[in-house]
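Please view the sequence and the model below before turning to the notes.

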Amino acid sequence: MVVRSLRGDRTVFAGLLALLVLAPLPFALARDWGEALLSLVSFLMLLLWLMLALADRVSCRPRHIRYVALPLGLLLAVQGWALIQTLHFPVQWVAAIDEDLLRLRPGVLTASLSLDPYHSLRYAVLGCSLSALFFLAFATVRTPRRVRWLLRVLLFSGTLQAGYGVFMVLSGIEYGFLIEKYVGKGVVTGTFVNRNHLAGYLNICLGAGIGLMLAQLSSDRPATWRDRLRAWLALLLSHKVRLRLYLAIMVVALVMSRSRTGNIAFLTAIVIVGTLALAARRRLDAKRAMFFVSLLFVDLMVIGQWFGLEALVERLEQSNPQVEARWADYSPLLMVYLQTFPWTGSGAGSFYSVFGQFHGGALAMSPAHAHNDYAQFAVEFGLPAFSLLGAWVALTTYQAGQLLRSRDAYFAGLGFAGLFMLVWLLIHSGTDFNLQIAANAATVMVLAGAVWGARGSSARRGGNTASTSS
C-alpha cells in the first residue's frame with residue numbers, strides 16, 4: 001500500500017524535478033512573467049497533489065503534515081502579512097500604527113500599510129507559490145530513492161549551467177538565454193543575467209553534488225594492498241569519476257564567474273559543513289577527509305589556476321568595504337529606511353518605489369534591490385515578519401544538522417546539501433539578492449522542504465531509514 005501511494009504522487013515529484021532544471025533557463029525567471037509562470041505551475045502542482053490526497057493516492061498523511069506545521073506556518077504567516085499590507089484601512093487606523101505611512105500620501109481617506117500595494121500583492125502571490133513548493137517537496141521527498149533523484153537532478157542542472165557558461169566565455173560567443181549577453185561579458189553567467197546569482201545557484205548545486213558523492217563513498221577500509229588496488233581500480237571505472245568531474249566543472253564555472261562572495265561562501269561552507277559531516281561520523285573517515293581536501297586544494301588551486309583563479313584573487317584584493325559602492329552608499333540610507341518603518345515595513349516588493357525617497361537623488365540611479373537580502377526583507381516586511389523568516393531559517397538549519405547524522409547515506413547526503421545551502425545563503429545574502437531571483441528562491445524552498453520531509457520520515461522511523469521503492 002505504501003508503494004502504491006508513493007506512485008500516486010510520482011507526477012508531482014517529477015514536476016518538481018522538471019521545475020528545478022527549467023526554472024533557471026529563461027533568465028532564472030527574474031522577470032514579471034517568469035514569476036507569474038512559476039506561481040501558476042506551483043499552484044497547479046499543489047492542486048494536483050490535493051486531488052491525489054483526496055483520492056488517498058499519496059503517502060503523506062495528516063499526522064505526517066503535523067511535523068511541518070511550524071515551518072510552514074511561519075512561511076504562511078509572512079505571506080499573510082504581505083496580503084494584509086495590501087488592504088486599505090481608514091487613515092486613522094494607519095496613523096495609529098505608523099504616521100510615516102501617510103507622509104507620502106497626504107489627503108487620502110483610506111490607505112494601505114504598503115506604499116506600493118500592487119507589488120506587495122505580486123510578492124504575496126509569489127511567496128505563497130514558494131511556500132507551496134516547500135510543502136510539495138516535504139510531501140513527496142520522503143524516501144532515500146527520491147532524495148537520490150533530487151540530488152542527481154540538482155547536480156545535472158548545475159553542471160548544465162556551468163558547462164554552458166564556461167563554453168560561452170571560452171568560445172567568445174557570449175549568449176545568455178537565446179540572446180546575446182548585454183551584461184557580464186567575459187565572465188560566466190550561464191543563462192542567468194547576473195554572475196552573482198549564477199554563483200549562488202552553483203553553490204546550491206555543488207552542495208547537492210557533494211552530498212550525493214558522500215552518500216556513495218564507502219566507509220570500508222581495505223585490509224591489504226591488493227584490496228586497496230582493487231578499490232582504486234573499481235573507483236576509476238565507476239560513475240563516481242563522472243560525478244567528481246561534474247563537481248570540477250561547477251567549481252571552474254564558479255571561479256570564472258568572478259563572484260567574490262559566491263566563492264568565499266563556497267570555501268566557508270566546505271570548511272564548516274565538511275567539518276560537521278566528519279564529526280557526525282563519530283570516527284575519522286579518511287576517504288571523506290581526503291575528498292574535502294581535494295575540493296579545497298585540487299579544484300581551486302590546480303584547476304582554478306587554468307581558468308582564472310588569479311583574476312578572482314586580484315578582485316578580492318582590490319575589494320574595500322569602505323568604498324564598495326553598493327553597500328557603503330546604501331547602508332546609511334537603509335538604516336534610515338528601516339528606522340522609518342520598523343514594525344510594519346513599507347510593503348513587500350516596495351523597495352524600488354520607496355528607496356528613492358531616502359536618497360533624494362544622491363545616487364545616480366535608484367537600485368531595484370538593496371543588494372542585501374537581510375536589509376530588503378527587513379525594510380519591506382518590518383522586523384516582526386523578518387524575525388519569522390529568521391526563525392524558519394534557524395529551524396531548517398537544525399533539521400538539516402540532525403539529518404546529517406542519519407544512518408541512511410542518502411538522507412545524510414541531503415542533510416549535507418541542506419546545511420551547505422544555508423551556510424552559503426547566510427553569507428551571500430549579506431552582499432546580494434539571490435532570494436529576489438525566482439529560480440534561486442524556488443530551488444532553496446524545494447531543497448529545504450526535502451530536508452523537512454526526509455527528517456520527518458527518519459524521525460518517524462526512529463532513524464531506521466531503509467530504502468523504499470518509488
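Leaving aside neighbours within four places in sequence, with which residues is Ser257 in contact? They are Val187, Val188, Arg195, Ala199 and Asn263, where contact means heavy atoms within 4.5 Å. The model is a predicted one, in which local features need pLDDT of at least 70 and side-chain atom pairs count only at pLDDT 80 or more, while totals for chains, interfaces and linings use all residues. Residues are numbered from 1 along each chain as its sequence is written, and side-chain values use heavy atoms, with hydrogens and water left out.

- Val252 belongs to helix α12, residues 239-256; helices are DSSP runs of H or I with at least four residues, numbered from the N terminus.
- Val252 has a relative accessible area of 9% and is therefore buried, a term that means under 20% relative accessible area, with exposed meaning over 50% and partly exposed in between (1.4 Å probe, protein chains only).
- The C-alpha atom of Val252 is separated by 7.8 Å from that of Ala162, although the two residues are 90 residues apart along the chain.
- Ser257 is placed in the loop between α12 and α13 (260-280), and Ser257 counts as buried because its relative accessibility is 0%.

**Nonpolar cores**
- A nonpolar core is a set of buried Ala, Val, Leu, Ile, Met, Phe, Trp, Tyr and Cys residues joined through side-chain atoms within 4.5 Å.
- The largest such core has 115 residues, and Leu150, Ile210 and Leu414 have the most contacts inside it.
- Another core, of 21 residues, lies apart from the largest one and has Val94, Leu113, Tyr330 and Phe341 among its members.
- Not counting residues up to four places away in sequence, Leu150 touches several residues, including Phe13, Val141, Leu414 and Ala450.

**Aromatic rings**
- Rings of Phe, Tyr and Trp (its six-membered ring) pair if their centres lie within 6.5 Å; planes under 30 degrees apart count as stacked, over 60 as edge-to-face and the rest as tilted.
- The count by this rule is 17 aromatic pairs.
- Tyr67 and Trp452 form an edge-to-face pair, because their ring centres are 5.9 Å apart and their planes are at 65 degrees.
- This pair links distant parts of the chain, 385 residues apart: Tyr67 is in the loop between α4 (62-65) and α5 (69-86), and Trp452 is in helix α21 (residues 438-460).
- Tyr67 is partly exposed at 29% relative accessibility, whereas Trp452 is buried at 3%.
- Ring pairs also join Tyr337, Phe341, Phe351, Phe355 and Phe358 into a cluster.

Note on methods: Helices (H or I, at least four residues) and strands (E, at least two) are DSSP runs, numbered from the N terminus.
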